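Student: I am new to this one. Please pick a single part and take me through it closely.

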Amino acid sequence: MQAESTQVQIRLATPADAEVVAHLVRRAWADRVAPDSSGHQETAERVQADLERGYAWVALSGTEVVGTVRLVRHPDPRERGVWEVRKLGVLPEYRKQGVAHRLMEVLARRAFEVRARELRLAVRHDQPKLLKWYTQFGFVYDPGLRYSTPNPNTPPPFVMVRRLEVLS
């Protein structure tokens, strides 16, 4: 890790952070993801809705939010114990400094705390290089899974899963 990442602090996001988180996602995805991605239309209302069903974290450099990720309970009540990783984003000038790794580590700790049995995430069809990146966190591609909230304007995403052992 470079020196800058040690200065970045991670904290749980609050509803008051919703607008800043939405703006961060739009900025972080602007140069990386195709224009038809739902991330470009991210709103404070969507962030609030996710916070009502889960958690979000922000990475801070001083007072500036430079990264974010969410952990949200699966919307289908039949999918008990399944949580989704959503909207990971880091500003370009903070990439390759370990910020995304730290956000994913904090998210994984919370997943164990809430006794999640499974984590899922979606990788856009045009971002296959991310499949390999997420494997370092124990995720594997599962072609049999469908994402809970796919973007109707794009081909279906790759769905990755990480099954967790819940200790009683």
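Tutor: Start in the loop between β4 (82-90) and α4 (99-113), where K96 sits. The model is a predicted one. K96 has a relative accessible area of 78%. The cut-off for exposed is over 50%, so K96 counts as exposed. Now look at its backbone. The phi of K96 is positive, about 60°, and K96 is not a glycine. Most residues other than glycine have a negative phi. That makes the backbone here worth a look.

Next, follow the chain past α4. Between α4 and β5 (118-123) there is another loop, and R115 is found in it. R115 also has a positive phi of about 60°, and R115 is not a glycine either. Its relative accessible area is 47%. Exposed would need over 50%, and buried would need under 20%. R115 is therefore partly exposed.

For contrast, go to a helix. V21 lies in α2, which covers residues 18-30. Its relative accessibility is 1%, so V21 counts as buried. What is V21 in contact with, once neighbours within four places in sequence are left aside? The answer is V47, V58, T68 and R70. Look at V65 too. V21 and V65 are 44 residues apart along the chain, yet 7.7 Å separates their C-alpha atoms.

K96 is exposed, R115 is partly exposed, and V21 is buried. K96 and R115 sit in loops, while V21 belongs to a helix.

Definitions and conventions:
Residues numbered from 1 in each chain as written. Predicted model: local features only at pLDDT ≥ 70, side-chain atom pairs only at ≥ 80, totals over all residues. Heavy atoms only, no water. Helix = DSSP H or I, 4+ residues; strand = E, 2+ residues; numbered from the N terminus. Buried < 20%, exposed > 50% of the residue type's maximum accessible area, 1.4 Å probe, protein only. Contact = heavy atoms within 4.5 Å.
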